[in-house]
Amino acid sequence: MKLASRRGVRRIAAVLAGAVLTLAGCGAPGSAPAAPADGLAARLDLAGQRYVVGGKNFDEQLVLCQIAVAALESVNAEVIERCNIGGTDATRNALLAGDIQLYWEYTGIAWAGFFKQTEQVPDAQTLFDLVSQRDLAQNRIRWLPRAPFNNTYGFAVNERTAAELDLTTLSDMAHHLSSGRPGALCVETEYANRADGLRGLEQAYGFQVPPERVWTLPTDAIYQATADRDPCLFGEVFTTDGRVAALQLRVLQDDKSYHATYNAAVTIHEDAYAKAPEIAEVFAPIAAALDESAISELNRQVWAGDRQPREVVRAWLSDKGFIGAG
């Protein structure tokens, strides 16, 4: 495989290294209650509760961390912000140790990373149930309602090129690469070397990319290199990354459902949850509103760099009626 370096874009891309609620209405995103017209604070008050809120070190996690901070502050909780802790291991360990009380995690990371499971679980709610039950039983970590968006691995193409070549699915990509037509496939090092990365993708879709047509690039560089078609015709991406829309890339449909599901949910230490279980009611409607379109747009605004995550998030929460304006 070729190893090349390219000028990265400004932000660090998402690195995905990484309990069923007993309250009524806190299961699947579709069953979560809608936000009241006059905000969460109209029916919830967590005055006297104190939360150290953490998060990982990439755009989407900065967005999710600031959502948690703003939501909890709006219901009068005392909040200490520790966004941008680091990668998955550092943030998860902070939660397990009690250094933070909560942060947003992804179901796919928990299943494969924390619990070392290799079985594919295509149904998002089934995966959430398995992860949340195990984490509560083994680690006393409770999962609040999951968001519907899925920030999973994907492959993207320059939108104009996709239209010209009629590329819409990963099966189309496999056919193109197998046919001998020109174009390189760009992946990050981790995806290139994992059994559930490129090797598994080739097996699932029945193709093999010649080594000279696989380029291994830094994660940041792949997005721009795919937009430029230099050297990437196809680029590995994270599906809700803000650069997908900003650079006019088309994410190809995973028509064989190869990649794991990565729904995000607030994970909270059981000790903190037990003090105020109504915290689930704070996050249920917010999680339900975080679909692919919403999170991708929030990520895009943060990536563009004109506004800070805190400002972007609070404008969205206010527009949705979760918090007051200001």
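Visitor: In which hand does H13 pass H14?

Guide: A crossing is called left-handed if the near helix is turned anticlockwise from the far one by less than a right angle, and right-handed if clockwise. Here H13 passes H14 in a right-handed crossing. The names come from DSSP runs, numbered from the N terminus: helices (H or I) have at least four residues and strands (E) at least two. Please note that this is a predicted model, in which local features need pLDDT of at least 70 and side-chain atom pairs count only at pLDDT 80 or more, while totals for chains, interfaces and linings use all residues. Residues are numbered from 1 along each chain as its sequence is written, and side-chain values use heavy atoms, with hydrogens and water left out.

Visitor: At what angle do H13 and H14 pack?

Guide: Axes are lines fitted to C-alpha atoms, for helices over the stretch in contact, and angles run from 0 to 180 degrees between N-to-C directions. Helix H13 (residues 292–304) and helix H14 (residues 309–319) pack at about 145°, and their axes are 9 Å apart.

Visitor: Which residues of H13 and H14 meet?

Guide: Contact means heavy atoms within 4.5 Å. From H13, Ala294, Leu298, Gln301 and Val302 meet Pro309, Val312 and Trp316 of H14. By class, this contact of H13 with H14 has 6 nonpolar, 1 polar and no charged residues. In this scheme Ala, Val, Leu, Ile, Met, Phe, Trp, Tyr, Cys and Pro count as nonpolar, Asp, Glu, Lys and Arg as charged, and the others, Gly among them, as polar.

Visitor: How many disulfides does the structure hold?

Guide: A disulfide is a pair of cysteine sulfur atoms within 2.5 Å. The structure holds 2 disulfides. In one of them, the sulfur atoms of Cys65 and Cys83 are 2.0 Å apart. Cys65 lies in helix H1 (residues 59–74) and Cys83 in strand E3 (residues 78–86), so this pair ties together parts that are 18 residues apart in sequence. The torsion about the S-S bond of Cys65 and Cys83 is about -85°, so the disulfide is left-handed.

Visitor: Which cysteine is joined to Cys186?

Guide: Cys186 is joined to Cys232, with an S to S distance of 2.1 Å. Because Cys186 lies in strand E7 (residues 184–187) and Cys232 in strand E9 (residues 232–238), the pair ties together parts that are 46 residues apart in sequence. The link of Cys186 and Cys232 is left-handed, with -95° about the S-S bond.

Visitor: Is Cys186 buried or exposed?

Guide: Buried means under 20% relative accessible area, exposed over 50%, and partly exposed in between (1.4 Å probe, protein chains only). Cys186 has a relative accessible area of 0% and is therefore buried.

Visitor: Which way do the residues of E7 point?

Guide: In a regular strand the side chains alternate between the two faces of the sheet. In E7, Ala184 and Cys186 point one way, Leu185 and Val187 point the other way, and all are buried.

Visitor: In which sense do E7 and E9 pair?

Guide: Two strands pair if DSSP finds at least two bridges between them. E7 and E9 pair in the parallel sense over 3 bridges, and Ala184 has Cys232 as its bridge partner in E9. By contrast, strand E5 (residues 141–150) pairs with strand E11 (residues 263–269) in the antiparallel sense over 5 bridges.
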